[in-house]
Amino acid sequence: MSYEHKLAGLGVTLPPPPTPVANYVPAVRVGELLFLSGVLPSRNGRLLLTGKVGDGVSVEQGQEVARMALLNALAMVRAELGSLDRVIRVVKMVGYVASAPGFCDQPQVLNGASDLLVAVFGEEGRHARVAVGVAELPRQAPVELDLILQVKS
Amino acid sequence: MSYEHKLAGLGVTLPPPPTPVANYVPAVRVGELLFLSGVLPSRNGRLLLTGKVGDGVSVEQGQEVARMALLNALAMVRAELGSLDRVIRVVKMVGYVASAPGFCDQPQVLNGASDLLVAVFGEEGRHARVAVGVAELPRQAPVELDLILQVKS
Amino acid sequence: MSYEHKLAGLGVTLPPPPTPVANYVPAVRVGELLFLSGVLPSRNGRLLLTGKVGDGVSVEQGQEVARMALLNALAMVRAELGSLDRVIRVVKMVGYVASAPGFCDQPQVLNGASDLLVAVFGEEGRHARVAVGVAELPRQAPVELDLILQVKS
């Protein structure tokens with residue numbers, strides 16, 4: 001089944017892909033590997049939410065913005081490849097969660113992104129994952145995602 | 001010489017591999033590259049130690065749990081490949097150390113894992129390494145390891 | 001045009017490559033991918049500046065040391081490959097910025113490294129980038145860079 005159809009069937013519309021504002025690019029492909037730049041939960045250049053999870057930002061809000069950040073990543077993948085249907089496998093996601101002191105449920109937050117990956121790509125969406133809690137993220141984003149995918153070359 | 005024999009000769013028995021509790025998998029292979037999920041110093045789902053290095057957790061304890069986390073990684077590699085003997089090379093390890101304010105000896109902590117990699121794999125265990133100090137890790141783990149290996153395809 | 005000539009034309013002389021002081025190596029190659037160890041803004045084993053950006057270290061200083069760290073990375077690439085002219089593409093840079101509480105301009109800091117990559121490698125220097133703010137870096141470095149390059153095999 002087409003991943004594009006799957007996404008549409010979930011009622012999800014991808015946002016316009018975020019555009020880098022400095023000397024880097026959204027994605028670089030080497031052979032079958034597609035390396036994405038870090039994605040934030042932004043829309044049209046503005047963050048949907050700022051702050052740290054565990055202080056002002058709840059786990060549920062963190063999950064929601066992780067999902068929002070992932071939609072940006074998917075938009076970047078589509079812009080790069082022409083279609084999500086050129087994805088072979090989601091390889092790896094490193095998820096950085098801006099964490100208040102003592103907050104250690106980063107994995108739960110990232111499930112907001114992981115669950116959507118599996119909803120769209122099925123078994124091929126199941127990825128290796130690294131969950132990290134960090135002090136500060138760009139523009140006070142609560143979550144940043146770093147993804148590697150295997151794609152048709 | 002067989003890496004499995006080398007490991008046995010060191011008197012090391014691998015634990016059961018940790019099992020992901022969400023929509024991700026322990027490892028994803030693309031060609032010769034094997035990407036692992038982040039590993040914590042856990043056994044049977046429970047952390048062996050919690051806290052931050054430099055505050056409650058000593059450098060020596062940090063090294064010990066880095067070694068424990070690495071054993072989980074090796075268990076995941078064996079589960080994925082059938083045998084450690086299918087490893088060609090340890091490519092890269094990013095080591096995240098939960099660090100108390102002012103603690104900056106992350107490299108020393110990670111030597112607990114790096115030294116074991118070289119003890120088992122010899123020259124092929126010598127990897128590119130990135131040492132990072134972070135605010136919080138999942139479930140208050142003191143150390144998390146993120147590994148990439150080259151394996152027989 | 002030769003990247004080595006481009007570098008020389010910029011008036012840049014690379015420092016001696018930093019040497020790992022533990023059981024890891026500066027770089028590991030797998031096929032066309034070259035994975036580097038984390039680089040700090042050091043010269044001859046000593047950091048050029050310590051501290052956190054946003055508290056004692058300014059954004060401008062952060063940019064300058066990001067550039068200094070990148071020169072170490074280029075020195076490692078040249079030592080590994082014999083010449084920068086064997087680089088095909090800069091694939092990805094994860095930049096860790098030791099950040100004072102509330103500091104969230106990590107991307108600006110990393111431009112010090114990204115801009116130099118593009119000055120040397122042109123379009124092939126434009127990389128996927130991930131900017132992260134962290135609590136502590138080895139030896140109180142303000143910046144650490146983690147690079148992946150595509151190189152001639």
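Helices (H or I, at least four residues) and strands (E, at least two) are DSSP runs, numbered from the N terminus. The model is predicted: local features need pLDDT of at least 70, side-chain atom pairs count only at pLDDT 80 or more, and totals for chains, interfaces and linings use all residues. Residues are numbered from 1 along each chain as its sequence is written, and chains are lettered from A and ligands numbered from 1 in the order in which they are written.

**Exercise 1.** Describe helix α2 of chain B and the residue that follows it.

Solution. 
1. α2(B) covers residues 59–81, which is 23 residues.
2. From first C-alpha to last, the helix reaches 33 Å, close to the 33 Å expected at 1.5 Å a residue; the expected span is 1.5 Å times one less than the number of residues.
3. After α2(B) comes G82(B), with a positive phi near 95°.

**Exercise 2.** Work out the strand order of the open sheet in chain B and its edges.

Solution. 
1. The order of the 5 strands is β1-β2-β9-β7-β8, with mixed pairing; two strands pair if DSSP finds at least two bridges between them.
2. β1(B) and β8(B) (128–134) are the edge strands, each pairing on one side only.
3. On average, neighbouring strands are turned by 15° against each other, direction ignored.
4. β7(B) (residues 87–98) and β9(B) run antiparallel and are joined by 9 bridges. V97(B) has V143(B) as its bridge partner in β9(B).

**Exercise 3.** Characterise the side of chain B that touches chain A.

Solution. 
1. Residues are in contact if their C-beta atoms, placed from the backbone, lie within 7 Å. Here 22 residues of chain B contact 25 residues of chain A.
2. The elements of chain B giving two or more residues to this side are β1 (27–30), β2 (33–36) and β9 (143–151). β1(B) gives the most, 3 residues.
3. By class, this side of chain B has 13 nonpolar, 5 polar and 4 charged residues. Ala, Val, Leu, Ile, Met, Phe, Trp, Tyr, Cys and Pro count as nonpolar, Asp, Glu, Lys and Arg as charged, and the others, Gly among them, as polar.

Terms used: Contact = placed C-beta atoms within 7 Å. Axes fitted to C-alpha atoms, helices over the stretch in contact; angles between N-to-C directions.
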